[in-house]
Amino acid sequence: MIDETKLPVVNSFNEWDPLEEIIVGRVEYACVPQWHATLKATMPANQWHYFQQNGGQYISDKLLEAAAQELDGLTAVLQSEGIVVQRPAAIDWGVPFSTPDFAQPCGLYAAMPRDFLLVIGNEVIESPMAWRSRYFEFKAYRPLLKRYFHQGAKWTTAPKPELTEALYKPTFNPACSEFVITEFEPVFDAADFMRCGRDIFCQKSQVTNQFGIDWLQRHLGEAYRIHILDFNDPKAMHIDATFVPLAPGRLLLNEPSNAALPPMFDSWEILYPPPTTLPADHQLYFSSNRVSVNILSLDEERVIVEAQETPLITFLADHGFKPIPVPFRNFMSLGGAFHCATCDIRRSGTLQSYF
């Protein structure tokens, strides 16, 4: 019998074990990234002009102030549920930077810890992200990672990518079913992986290539099995608004068919969420309205959902969950919701196989 009171400070194997500690992101000094093929591959076409005209500038104070208030509200709710909340350092992302291979007028933000940090067991892995604007995003998390390391956690930085032109396809056409990134070097965003104990599910996307998946599988070793899913999404970037494991044997799938699921899910209950209530004119600069399903499980029953997503709240309650409504629509304009805005550091469970 495992004494879970002695579990490491970093300990998380899936998306649903009882949550004890989490990182909640920051939006201070967030910037509009410089226009690049990686944005053309992923951003809503109706927002391309916004990026082309505003790249290198700070995102509007009005939006950031509203999003920061929502993050503070989320923090208060998590703390009221008995969860320890940590925050990354506040970094000025408006400072230009360069490497020997490229230059950027600004960074992006530290709003989405789940994009960058992948927690597997007692290990935190820094992801080798494909966007140049995110090259120095690690700086916001280093104080926390140093502390976790000194408390006994494993801390790994995946191979830092060069992000030269060799990684990007010069003839990329968003109208074709192709990825903008090549296999020049391993890259991946942590948000393209969802954990179900020994089985980890991911997708190849506009920010995650096969080289990156292969690196992670070899790094994790035989204790884990990585499965690649294909949801036929030409703008694929982050799996956690499509494929959302809620509990052992229960999966929320934001997809009209389960054709992409392997037979190992045949015994699972597949739940299809109702349409979002996001108005058509709500500004989503970085994502589609599928982001409404980017929810956060506190355990196998409690789940944090955007407060105005009434049909989703009712749907989850009708299926035995306990939704906790939290306002988050301003933050959603920045490209994510509750799962993206957080990274669970410690859940009380242990490594298991659910298949």
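This is a predicted model: local features need pLDDT of at least 70, side-chain atom pairs count only at pLDDT 80 or more; totals for chains, interfaces and linings use all residues.
A pocket is an open set of grid points with protein on both sides within 12 Å along at least five of seven lines.

The largest pocket has a volume of about 470 Å³. Here 27 residues do the lining, and K235, M237, F286, S287 and S288 sit closest to the centre. Nonpolar residues number 13 in the lining of the largest pocket, alongside eight polar and six charged ones.

F286 turns up again when the aromatic rings are considered: ring pairs tie it into a cluster with Y50, F51, Y109 and Y285. A pair of aromatic rings is described by how far apart the centres are and by the angle of the planes. Across the structure there are 24 aromatic pairs. F188 has a relative accessible area of 0%, so it is buried. F193 counts as buried too, because its relative accessibility is 3% and the cut-off for buried is under 20%.

Another edge-to-face pair is made by F243 and F265, with centres 5.7 Å apart and planes at 85°. This pair links distant parts of the chain: F243 belongs to strand β11 (residues 243-247), while F265 lies in the loop between β12 (250-253) and β13 (269-271), 22 residues apart. Both F243 and F265 are buried.

What about the cysteines? A disulfide is a covalent bond joining the sulfur atoms of two cysteines. The count of disulfides in this model is zero. C31, for instance, is in no disulfide, and the nearest cysteine sulfur, belonging to C106, is 4.4 Å away; a disulfide needs the two sulfur atoms within 2.5 Å. C31 is buried, its relative accessible area being 0%. For C343, the closest cysteine sulfur is that of C340, and because the distance is 11 Å, the two are too far apart for a bond. C343 also counts as buried, at 1% relative accessibility.

Technical notes:
Residues are numbered from 1 along each chain as its sequence is written. Side-chain values use heavy atoms; hydrogens and water are left out. Rings of Phe, Tyr and Trp (its six-membered ring) pair if their centres lie within 6.5 Å; planes under 30 degrees apart count as stacked, over 60 as edge-to-face and the rest as tilted. Buried means under 20% relative accessible area, exposed over 50%, partly exposed in between (1.4 Å probe, protein chains only). Helices (H or I, at least four residues) and strands (E, at least two) are DSSP runs, numbered from the N terminus. On a 1 Å grid over the protein atoms alone, a cavity is a set of points where a 1.4 Å probe fits but cannot get out, and a pocket is an open set with protein on both sides within 12 Å along at least five of seven lines; lining residues have an atom within 4 Å of a point. Grid points are joined across faces, edges and corners, and a volume is the space filled by probe spheres set on the points. Ala, Val, Leu, Ile, Met, Phe, Trp, Tyr, Cys and Pro count as nonpolar, Asp, Glu, Lys and Arg as charged, and the others, Gly among them, as polar.
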